[in-house]
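Look at the fold as a whole before you look at any single residue. Then follow the strands, and end with the charged pairs.

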Amino acid sequence: DWSSDVCSSDLKLYEGVIESNFSLHGIPCKVQTCCSFENETIAIIVDSELIRDGSLSVIINFPYGAMDITASDWNSPDKHETNINQIKKTQFFIERILDRNQYYVGLQTGENIKINIENKHKIIINGDLDNHLELSVAFAKEKLTDTLTVEKIVTSSVDGWKNFWEN
């Protein structure tokens with residue numbers, strides 16, 4: 001039984017960073033997310049003892065589109081495509097095709113990360129050697145040739161929001 005208790009979730013409005021602290025099965029977890037100020041790229045930073053043994057991971061699961069409020073159809077895996085290409089140990093490019101629509105996703109991870117492709121639309125990202133996991137996820141209409149590091153996304157968010165609020 002993996003019960004979770006949400007302890008806090010704070011938006012650092014001046015920096016554009018959301019920090020959530022909670023416990024899973026009594027073990028503390030901290031998740032920080034932010035978005036680049038320049039493009040559609042997010043950074044995800046997770047710290048917890050649960051990362052080392054694989055009990056806590058980041059899952060990216062792509063559904064087919066739907067007309068309801070969720071916009072997600074999880075029961076039609078054959079109606080869309082997810083093509084995953086590993087460029088280097090820490091970088092992946094994903095092509096998504098839904099009917100006549102196409103978009104691209106880029107993943108940039110840290111060095112000690114394991115990527116598992118569970119099925120043709122589900123990617124599981126696990127930490128390896130320590131209690132820390134970080135990755136960036138970019139979304140684009142055009143094919144991606146590079147992805148931003150987590151450090152660059154955090155800097156972009158902090159600098160962009162600081163400039164927004166002060167000018």
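Predicted model: local features only at pLDDT ≥ 70, side-chain atom pairs only at ≥ 80, totals over all residues.

Residues are numbered from 1 along each chain as its sequence is written, and side-chain values use heavy atoms, with hydrogens and water left out.

Start with the whole chain. It has one helix and eleven strands. Here helices (H or I, at least four residues) and strands (E, at least two) are DSSP runs, numbered from the N terminus. Read from the N terminus, the order is β-β-β-β-β-β-β-β-β-β-β-α. The radius of gyration is 17 Å, close to the 15 Å of the globule rule for 167 residues, so the chain is as compact as a globular protein of that length. That radius is taken over C-alpha atoms, and the rule is 2.2 Å times the number of residues to the power 0.38. Along the principal axes, the C-alpha atoms fill a box of roughly 50 × 40 × 35 Å.

How much of the chain is buried? Of its 167 residues, 38% count as buried. Buried means under 20% relative accessible area, exposed means over 50%, and partly exposed lies in between (1.4 Å probe, protein chains only). Contacts also reach along the sequence. Among those between residues at least 6 apart, 47% join residues at least 24 apart. A contact means heavy atoms within 4.5 Å.

Now take the strands. Two strands pair if DSSP finds at least two bridges between them. Strand β2 (residues 17–24) and strand β3 (residues 27–35) pair in the antiparallel sense over eight bridges.

Ser48 sits in β4. Its relative accessibility is 4%, so Ser48 counts as buried. The side chain of Ser48 reaches the backbone oxygen of Pro28 at 3.0 Å. Beyond its neighbours within four places in sequence, Ser48 is in contact with Ile27, Pro28, Cys29, Leu56 and Asn131.

Another group of strands comes next. Three strands form an open sheet in the order β5-β10-β9, with antiparallel pairing. Its edge strands are β5 and β9, each pairing on one side only. From one strand to the next, the twist averages 20°. Such angles run from 0 to 180 degrees between N-to-C directions, with axes as lines fitted to C-alpha atoms (for helices, over the stretch in contact). Strands β5 and β10 pair over four bridges. Asn61 has Lys122 in β10 as its bridge partner.

Finally, turn to the charges. Side chains of opposite charge can pair when their charged atoms come close. A salt bridge is a side-chain nitrogen of Lys or Arg within 4 Å of a carboxyl oxygen of Asp or Glu. How many salt bridges does this rule give? The count comes to three.

One of them joins Glu19 and Lys12, with the closest N and O atoms 3.2 Å apart. Glu19 is buried, at 13% relative accessible area. Lys12, at 33%, counts as partly exposed.

Lys122 and Glu118 also meet in a salt bridge, at 3.2 Å from N to O. Lys122 counts as buried at 18% relative accessibility.

Asp78 and Lys120 form a salt bridge as well, with the closest N and O atoms 2.8 Å apart. Asp78 lies in the loop between β5 (58–61) and β6 (80–88), and Lys120 in the loop between β9 and β10, so the pair ties together parts that are 42 residues apart in sequence. Asp78 is exposed, with a relative accessible area of 66%. Lys120 counts as partly exposed, at 43%. Setting aside its neighbours within four places in sequence, Lys120 is in contact with Pro77, Asp78 and Thr82. The C-alpha atoms of Lys120 and Gly160, 40 residues apart along the chain, are separated by 36 Å.

Technical notes
Polar contact = N/O pair within 3.5 Å; in protein donor to acceptor, adjacent residues only side chain to side chain.
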